Amino acid sequence: MTSPGEAARFGWLRPDALAIAAGALLAAVAPLERFDYVARGLTASSLADAAPSAQVLLVTASPEALRDGLCARALPGLLERGRARGALLIPPADAFCAGPAVDGALDGDRALDGDRAAPLVRMPPELLRMSAGEVVGFSPLAGEERAAELAALGVSAAPWVIKKAPQSVPAVSLSALAEGEVPASALAGRVAVVGVGSGGVPPQAVATSALPPAKGVAAVLGGLLDGGRRASAPAWVPALFVLLAGGFVWAARRRHGSLVATAALFLATFALAAGQSALAARAEASLLPLPSTLFGLAVAFAGVMILRGIGVQRAVDRAAELIQRAALFRMQGVHTLPDEEFWPRVARLAEQAHPADLVLVAELPAGSWHLRFWNDHRGGESLVAERRHDVRRPPYSSEQGVPAIRLARRFLTKQDMPAVVVPLIAFGEIEGYVFFCGPVAEATYSREPERAEHVGRELALLLRRKRLARTAEATGGESRAGHAPTDDLVEGARVALDDLQLFGSMLRNAPVGLLYADAFGDVRFVAPEFARWLRARDVTVPAESASSALPPGSLTLGDVLGATSAGSAAVSLSSVMASDDGIELSVSAPEPAVLSVRPLRRESDGSSWIAGYVAALIPVKQPAPVSGNVRPLAARDATDPLCAFQLGDVVADAVASAARATGRAVRLEPIRGATHALGHRGELAQVLEAFLTDVAGRGLPGHGPVVSVREATHGVQLSILDVGFGLGLPESALQRVLTAPGAAPAGLEPLGRLILAVEDSHGHAELKTNDGWGITLTVTLLKAHPRVGVTPHEGGKPAAQQNVIAIGRASPK
């Protein structure tokens, strides 16, 4: 594995950096030599100097003058009289102007005048450097015998020359010089470039009448003598430009995206052209290999854009593969689910939380008053007989237009099926509706109306979270238009996968059974210990993945809660929703344990909603075995400790539950005293409710049990008088219950469990038979003296002492 130091040292070896370096190398090597040569010539030609030349004079001789021998007769004399620097004879004029007679005369004159005569030099055709059909410079002629004579005229090797513009080179005709129309002094200090031209043209058209290559030679020689010599720039100049331009494009691509990087490329190309023009106009070694430089820049751009894009695509593919492998781990957000999946899952959640034969959910689209129905089987619209779906009308609202929970009939296509209509309202806004249909839903609503309210509140918060998240995502996408979301995709996917693998390892190795369910009540993670417990209770658990993950819908939280012996799944799930601290259920098989289920709530923008559920299966240590003829004291666990509580409140709740379960009246006498008792509240409440339910069900119609609670000097007493219970029972049966409550006779088991619970709470029970007045059960519990914490009063008044119990309601502030 590469160490961090080596990674930092070779961090620049990325595809984009290597492409920029390769482009710079190509610009330095200049592989497009032929095209570079043409580009240099065009650059030199485009920068032609328009200032008149003082070093060159273009002399044109018409074909007629050449045939008459005018050039050979008059040219040497004109050069001498005009004190010209010399004459450069351009083919084919050299064949007429430099004949043998002329050469001999020139040699004689040189001998008489001490070699002061102006030289007449034939220009060899190989002297010229051509590019795109134009003369751009002069080639070296080191081995040529006329090299010294050409050097005397200023003609030297120059690959490229900033030449004179054709219109800026002075030009005259040979006939005008010979006839005196133009004074010979026009040749003073100049090199006469003699070429063939058209005759009979006006003086201002003489320059353009010269035939190639005379015009080009005159323009190039004029530029050369005026300092227009140019050569190739050093190889490091284009390489440096490509490095800088490639870095500029890379920075633009990284910060602002591909479009800005392309604009940066065009800007670099324009800077190359402008820089070449400015540099060539001022420095001799300044001509860049433009095609090779542009080729190198293109390679750098391709590396930054294409190679990086390929690398990113490969990274995205790799990340997609990792995410695909971890598909079961993804907790897809509520707002990211499509409607076809979201609303059936909401219906499934509602079905777990509230008993019903059929559950429908209805979506209220934004800006609309008409509902759209869904259920778990995606046939919601066809089940509804009411066709208006207008939330401003019954049964969705009352006659006054106020949405509230209500029982509706003839709402479904099955006219005999009632429906409990629950509006989903969050912060005063209607998010949708849920409908619990069937006689089971009606009976549950009439018995526990608060359950529908709890479920409706949580579902409304779930729907509101979905709507707000989608709105924020839509507005946030506009502000992130210039950001490349794939830049950190690979790293983010790797980190997320590592976290999920760690989470799976925690689930597998936890000392207690753990379980996680998402906001829809679908179990997503379950520990092996928890899975074994579920299978022992005949709950089908799908095969686990490598990290204990389950797909949505394979196991629900309602199935888990239904496996307990504490009641139905619906009651348990609604209790979880209603409590921030969750619920704790005692289970006995296959081993004693406590099942703790809690909702995971999240808060944002002042609202709180359930984002999931977590459950833990905590085993309870069993006591050591004892002899079969000895009843051990019940081992208490941490879920129901010995505590001080209001016995009057426990009795009132038990009386109300018994009356609701049997439909018969259970009378509760006014409670006398504070009735603070010491005991195991949970166990006492459970067995007292079961006992009162049994007594009320056995009693004669119209003669239910009478319950009273009072505070006595030696404890807190609970008395239950029943006029029908125990009629015909022998005295020995009652004595047996008191002596052996764990082995009570048939029909008296609830009484035996109550006596056991009282004894476990360090109290005692008495049974007394009254002729004609039934049986009286008296339970005495220890009296508790709770202490009240002292806190300063806001108004400055002294707080109550710690040994004083405040009775009654506090006065309003």
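**Figure 1. Thr293 sits in helix α14, which covers residues 290-325.** The model shown here is predicted. Thr293 has a relative accessibility of 0%, so this residue counts as buried. What does Thr293 contact, once neighbours within four places in sequence are left aside? Its partners are Ala27, Pro238, Phe241, Val242 and Leu272. Some of these partners return in the next two views. Ala27, Pro238 and Val242 take part in the meeting of α2 with α12. Phe241 and Leu272 take part in the meeting of α12 with α13.

**Figure 2. Helix α2 packs against helix α12.** Helix α2 spans residues 15-29, and helix α12 spans residues 236-256. Angles over 145 degrees count as roughly antiparallel, so α2 is roughly antiparallel to α12. Their crossing is right-handed. Which residues meet here? From α2 come Asp16, Ile20, Ala21, Gly23, Ala24, Ala27 and Ala28. From α12 come Pro238, Ala239, Val242, Leu243, Gly246, Gly247 and Trp250. Sorted by class, this contact holds 10 nonpolar, three polar and one charged residues.

**Figure 3. Helix α12 also packs against helix α13.** Helix α13 runs over residues 258-280. The two axes are 7 Å apart, at an angle of about 160°. That angle makes α12 roughly antiparallel to α13. The crossing of α12 and α13 is right-handed. On the α12 side, look for Phe241, Ala245, Phe248, Val249, Ala252, Arg253 and His256. On the α13 side, look for Ser258, Val260, Ala261, Ala264, Leu265, Leu267, Ala268 and Leu272. How many residues of each class are in the contact of α12 with α13? There are 12 nonpolar, two polar and one charged.

**Figure 4. Helices α24 and α26 cross at roughly 155°.** Helix α24 covers residues 681-698, and helix α26 covers residues 749-760. Their axes come within 9 Å. Parallel or antiparallel: how do the two helices run? They are roughly antiparallel to each other. The crossing of α24 and α26 is left-handed. Helix α24 brings Glu683, Leu684, Val687, Leu688, Ala690, Phe691 and Asp694 to the contact. Helix α26 brings Pro750, Leu751, Arg753, Leu754, Ala757, Val758 and Asp760. By class, the residues divide into 10 nonpolar, no polar and four charged.

**Figure 5. Arg345 and Asp522 meet in a salt bridge.** Their side chains come to 3.0 Å, N to O. The pair links distant parts of the chain, 177 residues apart. Arg345 belongs to helix α15 (residues 339-353). Asp522 lies in the loop between β16 (513-518) and β17 (523-526). Are these two residues buried or exposed? Arg345 is buried, with a relative accessible area of 7%. Asp522 is buried too, at 0%. The pair is part of a network of salt bridges. That network links Glu341, Arg345, Arg348, Asp518, Asp522 and Arg524.

**Figure 6. Glu134 forms a salt bridge with Lys163.** The closest N and O atoms are 3.2 Å apart. Where do the partners lie? Glu134 is in strand β5 (residues 134-138). Lys163 is in the loop between β6 (160-161) and β7 (171-173). The bridge therefore ties together parts that are 29 residues apart in sequence. Glu134 is partly exposed, with a relative accessible area of 38%. Lys163 counts as buried, at 12% relative accessibility. The cut-off for buried is under 20%.

**Figure 7. Glu429 forms a salt bridge with Arg467.** Here the closest N and O atoms are 3.1 Å apart. The bridge links distant parts of the chain, 38 residues apart. Glu429 is in strand β15 (residues 429-437), and Arg467 is in helix α18 (residues 449-479). Glu429 counts as partly exposed, at 38% relative accessibility. Arg467 is partly exposed as well, with a relative accessible area of 33%. How many salt bridges does the count come to? It comes to 22.

Conventions:
Residues numbered from 1 in each chain as written. Predicted model: local features only at pLDDT ≥ 70, side-chain atom pairs only at ≥ 80, totals over all residues. Heavy atoms only, no water. Axes fitted to C-alpha atoms, helices over the stretch in contact; angles between N-to-C directions. Helix = DSSP H or I, 4+ residues; strand = E, 2+ residues; numbered from the N terminus. Parallel < 35°, antiparallel > 145°, perpendicular 65-115°, else oblique. Left-handed = near helix turned anticlockwise from the far one by under 90°. Contact = heavy atoms within 4.5 Å. Nonpolar A, V, L, I, M, F, W, Y, C, P; charged D, E, K, R; others polar. Salt bridge = Lys/Arg side-chain N within 4 Å of Asp/Glu carboxyl O. Buried < 20%, exposed > 50% of the residue type's maximum accessible area, 1.4 Å probe, protein only.
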